[in-house]
Amino acid sequence: MRITAAITGVGSYVPDYVLTNHELEKLVDTTDEWITTRTGIKERRILKGENQGTSVMAIKAVQQLLEKTGTKAEDIDLLICSTTTPDLVFPATANIISAAVGTTKAFSFDMQAACSGFLFALATGAQYIQTGTYQKVVVVGADKMSSIIDYTDRANCIIFGDGAGAVLLEPNTDGYGVLDQVLRSDGNGEQYLHQKAGGSRRPPSSETVANREHFVYQEGATVFKFAVTNMANVAAQVMERNHLTNEEVAWLVPHQANKRIIDATANRMGVGPEKVMLNIHRYGNTTNGTIPLCLADYEQQLRRGDNLVLAAFGGGFTWGSIYLKWAYDPKPDPQAALA
């Protein structure tokens, strides 16, 4: 009897502060029309306040997840946090989350694969379930991208936002859950999308700060080209490997980096816009938060047995796709924020 790892609940959190395109017009030389037509983004959420790190959002997403699923924190076996903006170099942000939510019996760790991190973490957490090692695994994707964005750089500051989403994985023997994955990476992409300083190669110094080397750097045209090709390729590959037709795919759950990349992936898969989860207009690119935030926003529209194809592309380069079959019908939630 095959054991699969099924998503049995989702939770999410985004900060209250809304940074609109019109507000960005006052910071850099750009316009709402330019941003919208090229990215699909209208606004993004920003975490404000002193000593407010990624864990603040992740904790709230996990707490909501545990409450919605009626799960006791002490019953969680493992917590994985995928993030590119950890609170600290160490300890792991996952450890900070675990202490706050009370997962006293779980071990926890961070996973860093840029925008593909949540997929990598989901696939990793699924293995612990599939091998029978654990019964309850929490995977949270969260980023405070505003902490590494230069708000004088009009190419990057329009794209990113802050947010967190979390899922609970549990064993399933009825064919629901994570069924296949194609995960890839190519370190040759480093030169096109990276953070120049802050690590062991170039530790923080007065020079690196003065040179503004602690912010996201990317060569947008090159990244866009690689993302369009590779994200679409792995999504199509997952469909082919599992003999899925476009009619059988209920939802494409794409990383929310750029609407044109999302459209290209959907076109390659042959699925119409009515089957594409989209909330980039509300949150921008929250990096590790995009896919779980989509699942949370669309939870009320998901039905048991739905075929979902998750796809992402990130710096490094990293990319991948996961095929999963949704495991439950949602409980009615009149307050649900449908995209």
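1. Leu183 stands opposite Gly320 in strand β13. Strands here are DSSP E runs of at least two residues, and helices are H or I runs of at least four, numbered from the N terminus. β8 and β13 (residues 318–325) pair in the antiparallel sense over 8 bridges. Pairing requires at least two DSSP bridges between two strands.

2. This is a predicted model: local features need pLDDT of at least 70, side-chain atom pairs count only at pLDDT 80 or more, and totals for chains, interfaces and linings use all residues. Residues are numbered from 1 along each chain as its sequence is written, and side-chain values use heavy atoms, leaving out hydrogens and water.

3. The open sheet has 4 strands in the order β8-β13-β12-β11, and its pairing is mixed. Neighbouring strands are turned by 15° against each other on average, direction ignored.

4. Val253 stands opposite Leu310 in β12. Both faces of β11 are covered. Trp251 and Val253 on one side are buried, as are Leu252 and Pro254 on the other. Buried means under 20% relative accessible area, with a 1.4 Å probe and protein chains only.

5. Helix α7 (residues 220–241) packs on the sheet and touches β8, β11, β12 (307–314) and β13. Contact means heavy atoms within 4.5 Å. The direction of α7 makes about 150° with that of β12. Angles run from 0 to 180 degrees between N-to-C directions, using axes fitted to C-alpha atoms, for helices over the stretch in contact. Helix α10 (residues 290–297) lies across β11 and β12, at about 140° to β11.

Note on methods: Buried < 20%, exposed > 50% of the residue type's maximum accessible area, 1.4 Å probe, protein only.
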